[in-house]
Amino acid sequence: MNSHPRIAIIGAGPSGSTCSFFLSRFQIPHVLIDAAEFPRDKVCGDAISGKALHILRKMDPQAVSNLQGKAGFTDTWGISFTAPNEKRLDIPFKKEKKEDDLPVGFVSKRLDFDHYLFQKAQSPLAQIRTNTSLVGIQKSSTGVLLELKKDELRETLEVDWVIGAEGERSLVAKFLAGYRKEPRHFSAGIRQYWKGVTQCHSENFIELHFLKDLLPGYFWIFPMSDGTCNVGLGMRSDRVSQGKVNLKKELDRIIEEHPQFKERFQHAEALEMPKGWGLPMGSKQQTIAGDGFLLLGDAAALIDPFTGEGIGNGMKSGWMAAELIQECWNNGSWESLPQKYQQRVFRSLGDELRVSDFLQRSLDFPWLFNAVVRKANKSPLLKETLICMFEDVNLRQQLRKPKFYWDLLVK
Ligand SMILES: Cc1cc2nc3c(=O)[nH]c(=O)nc-3n(C[C@H](O)[C@H](O)[C@H](O)COP(=O)(O)OP(=O)(O)OC[C@H]3O[C@@H](n4cnc5c(N)ncnc54)[C@H](O)[C@@H]3O)c2cc1C
């Protein structure tokens, strides 16, 4: 391999654009390839979490203040959970302890958010090729051969490192990492934009509703400042097949008939037909790097199994990959890159993915969820602890310990 290897990122979503941005910052030339032209839609809940904002700040310390109040970006100040017994728990983000008045999260249509990140990736060091699909991939004696297709034209590009950031249907993951979809570690989700949904929280709390007859899935309403809401439903794929659940019918049923929601949607209008997409969950640690390749974001199955959040983890993986590539670039030694990347990602995200997997599995015991919500609504201390858990992964580990529930139920 040359001392300065050829690098291609496939996919310019949040993971790929973030990686490209940091590679350019580190003066590392590369190619960024995407099948779409931007701006483009992506089926999603559009909740941009604190973790994503943390990476945005690394890109540009002013990013969050610049986005606050900008068209297409809605500040969110908390989460509202509904337990299976229909009791609600509002968890405000810790605004009072912050020095500034900046939001901890946004809701932003992916049309806007991904375009923003894609624009950030523009650099003389990034050769950007849109409307170009990866259609084949194989190892060669001198690198990795990428077969690309733009309109009807096909070409081959050889690189030393390919970074798979093409999301849920990643060819890099399939052909180089042997990724196979396992329904236990995969979810299906659908999204529908609405306008005119009533009774949304005045501070745009995002709403996660764990409805009794939908477990272990959930229904969401994420309000935006232009009066529209991102409304949707997600469920683990093995449960979808076991229960023969038709997510679109379920979504219609909840909106039209559920006593908690039918009034809120009574005068609302759907702005599109429901659209579906898959969520590869991080409930199982996959091989995410190997000889000549690294995987980012959904291609690496890094979605939080409890909340369905994947943008923040995707951006974080893009940033970590770029940092490690910079190290190799500087010292000229690339052999240990895959191992270092695999370790770094799971050292950073492994604990929280395990806690989230535990929480997701605990939805099989709805009484436990009911008890946490009931107790937290009565105990300011427990509520404060849960608020802190959103920011502190070590504290979140408590949720895996029987003692937490023992104290909760008997004290
Ligand atoms: C219904 C639903 C709701 C969700 N809600 C949330 C949420 O509220 N918050 C959150 O954080 N996460 C959410 N997620 C997860 C989130 O959408 C993903 O984790 C996130 O999009 C991952 O980003 P990515 O860059 O890895 O992949 P993607 O965003 O999927 O980007 C992949 C890019 O690769 C391109 N591409 C694909 N194939 C090829 C190819 N062969 N050649 C070239 N380019 C290609 C695509 O055009 C795309 O631009 C949700 C997911 C679903 C399905």
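Ground rules first. The model is predicted, so local features need pLDDT of at least 70, side-chain atom pairs count only at pLDDT 80 or more, and totals for chains, interfaces and linings use all residues. Residues are numbered from 1 along each chain as its sequence is written, and side-chain values use heavy atoms, with hydrogens and water left out.

Let me start with the cores. A nonpolar core here is a set of buried Ala, Val, Leu, Ile, Met, Phe, Trp, Tyr and Cys residues joined through side-chain atoms within 4.5 Å. Buried means under 20% relative accessible area, exposed over 50%, and partly exposed in between, with a 1.4 Å probe and protein chains only. The largest core has 77 residues. Among those with the most contacts inside it are Ile 7, Leu 56, Leu 146 and Tyr 341. Which helix gives the most to this core? Helix H8, residues 311–331, with ten residues. Helices (H or I, at least four residues) and strands (E, at least two) are DSSP runs, numbered from the N terminus.

There is also a second, separate core. That one has 28 residues, including Ile 91, Phe 93, Val 355 and Leu 382.

Back to Leu 146. Contact means heavy atoms within 4.5 Å. Leaving out residues up to four places away in sequence, Leu 146 touches, among others, Ala 8, Ile 10, Leu 134, Glu 155 and Val 162.

Now the rings. Rings of Phe, Tyr and Trp (its six-membered ring) pair if their centres lie within 6.5 Å; planes under 30 degrees apart count as stacked, over 60 as edge-to-face and the rest as tilted. The structure holds 15 such aromatic pairs. Take Phe 22 and Phe 26: 6.3 Å centre to centre, 35° between the planes, so tilted. Both of these Phe residues are buried. Next, Tyr 218 and Trp 220. Why is this pair edge-to-face? The ring centres are 6.0 Å apart and the planes stand at 65°, so edge-to-face applies. Tyr 218 is buried at 10% relative accessible area, and Trp 220 is buried at 9%.

Two arginines sit over rings. The test is NZ of Lys or CZ of Arg within 6 Å of the ring centre and within 35 degrees of the ring normal. Arg 169 lies over the face of Trp 277, 4.1 Å from the ring centre. Arg 344 lies over Trp 319, at 5.2 Å.

On to polar contacts. These are pairs of N or O atoms within 3.5 Å; within protein, one must be able to donate a hydrogen and the other to accept it, and residues adjacent in sequence count only if both atoms are side-chain atoms. Ser 80, in strand E5 (residues 78–82), is buried at 3%. The Ser 80 side chain makes a polar contact of 3.3 Å with the side chain of Arg 88. Asp 75 is in strand E4, residues 74–76. Buried or exposed? Asp 75 counts as buried, at 14%. The side chains of Asp 75 and Gln 68 are joined by a polar contact of 3.1 Å.

Last, the ligand. A ligand oxygen is 3.0 Å from an N or O atom in the Arg 40 side chain. Another entry: a ligand oxygen lies 3.2 Å from a polar backbone atom of Pro 14. A ligand nitrogen is 2.9 Å from a backbone N or O atom of Ala 47.
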